[in-house]
Amino acid sequence: MEHCTVLRPADDPIELDLPLYGAQVQAGFPSPADDHIEGKLDLNEHLIRRPAATFFVRASGASMQGAGIFDEDLLVIDRSISAKDGDIVIAAVHGELTVKRLLKAAGAWQLTAENPDFPPLPIIGDTCEVWGVVTHSIRRHCGR
Amino acid sequence: MATFGLVDCNNFYASCERLFQPGLRERPVVVLSNNDGCVIARSNEAKALGIAMGAPFFKVRQIAMEHGVVVRSSNYALYGDMSERVMSVLASQAPAHEVYSIDESFLDLDRLAVPDLTVWCQDLRRRTQQWTGIPVSIGVGPTKTLAKLANRLGRPALPQGEGGR
C-alpha cells in the first residue's frame, strides 16, 4: 500500500502578509477594472486554523487523483476536526498512514480511493483508525 | 479550598514516536537517552517486560531483542514540538496553568466553574488526545503534591509500580 509521511510545521513560522487581489481569476481575459487589492493574506493564517492540531503530510501514490490529490502533494491535516462521512482523511491502516475518502456505504464505514484502480477498504474492527482530517492540499505547478 | 490538576503525558517520548508510526502501537517501544546510553521512555508493553526506567541499554539489550522491542534514539526536536502542542491545548482550556516539565503541567482549577470536575477532566483528556495524538492522565487534588499522587494512582498498575516517561 502507498503510505504517507507526516511533517511538522516549522518551529517559528513567520507571518508574511502579501497582497490579495480581489478579482476572481478566470481562465479567460481579466477585466482591467478588477485589479484592485482587497487586503493582505498570510498563508499560515489561511492554511492553519489551529496550530496545536495541525500537521503536514506528503501524499504518495495515485490513489486520490480523482480528488485532485497527486503524488508528492502537501496535505494540511487538522486533527481537531472530527471526521464525517465524505471527508478526505489520513487513516492508519495496518500500521501505515494513508490518504483516502471516508464514506459510509450501506451503514458500513469504508475508506475509498478516488481512482478506479484501487478498491475500497472496509473498516473492520480496529484495523483502521482515522488519524486526521485533510483540510487543504498544496501542489507545485512550476518545477523551477 | 484550592484545587490543582496535574496533567501528565503517558509514556511521552514513546507516545510521540508512535503518533507518526502507528505500526508501533501494539509493540513494546523504548526511547534511549543521548548517545543511546539509557532507557528514558517505555511504552506500557515495554514496562510490562520489566525494562526499568533509566536502565543502561546494554543491560536490557537481550530482553529487548527477545521480545521484538522497538528501540528509538531520542528526538528532542519532535518531543519539544509535541510538548508545545499539548501545553497550548491545556492553556486554551484551563484558567491558569504552570508547565512543570516537558510532559507535565499543573492546572489551577480553583476558578473553574464547572458542574462536574471529573467530566471536565475527561473532556480535556479526550480533546488533548484528539488534537495532538498524545494520551494524557489527569490527577486532581487540593495541593500540587496530592494532584501528582492522584495522577499516579489513576494509571493502570504496572510491575514495580513505577511510572515515568
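Modeller: Chain B splits into domain 1 (4-10 + 82-155) and domain 2 (13-76). Keep in mind that this is a predicted model.

Colleague: What separates the centres of domain 1 and domain 2 of chain B?
Modeller: 25 Å, taken over C-alpha atoms.

Colleague: Which order do the strands of the open sheet in chain B have?
Modeller: S5-S6-S1-S7, so to read it off: 4 strands with antiparallel pairing.

Colleague: And which are the edge strands?
Modeller: Strand S5 (96-101) and strand S7 (136-141) of chain B. Each pairs on one side only.

Colleague: How are neighbouring strands turned against each other?
Modeller: By 20° on average, ignoring direction.

Colleague: Now S1 and S6 of chain B. How many bridges join them?
Modeller: 5 bridges, between residues 4-9 of S1 and residues 104-108 of S6, and the two strands run antiparallel.

Colleague: Which residue is the bridge partner of Gly5(B) in S6(B)?
Modeller: Leu107(B).

Colleague: Helices next. Where does H5 of chain B lie?
Modeller: Helix H5 (residues 117-132) lies across S1 and S7 of chain B. H5 runs at about 155° to S7(B).

Colleague: What about H6 of chain B, which strands does that helix lie across?
Modeller: S1, S6 and S7 of chain B. Helix H6 (residues 144-153) runs at about 135° to S7(B).

Colleague: Changing topic. How many residues does the contact take from chain A and chain B?
Modeller: 11 residues from chain A and 11 residues from chain B.

Colleague: What classes are on the side of chain A that touches chain B?
Modeller: 5 nonpolar, 2 polar and 4 charged residues.

Definitions and conventions:
Residues are numbered from 1 along each chain as its sequence is written. Chains are lettered from A and ligands numbered from 1 in the order in which they are written. This is a predicted model: local features need pLDDT of at least 70, side-chain atom pairs count only at pLDDT 80 or more; totals for chains, interfaces and linings use all residues. Two strands pair if DSSP finds at least two bridges between them. Axes are lines fitted to C-alpha atoms, for helices over the stretch in contact, and angles run from 0 to 180 degrees between N-to-C directions. Two residues are in contact if their C-beta atoms, placed from the backbone, lie within 7 Å. Ala, Val, Leu, Ile, Met, Phe, Trp, Tyr, Cys and Pro count as nonpolar, Asp, Glu, Lys and Arg as charged, and the others, Gly among them, as polar. Domain bounds come from an automatic or database domain assignment.
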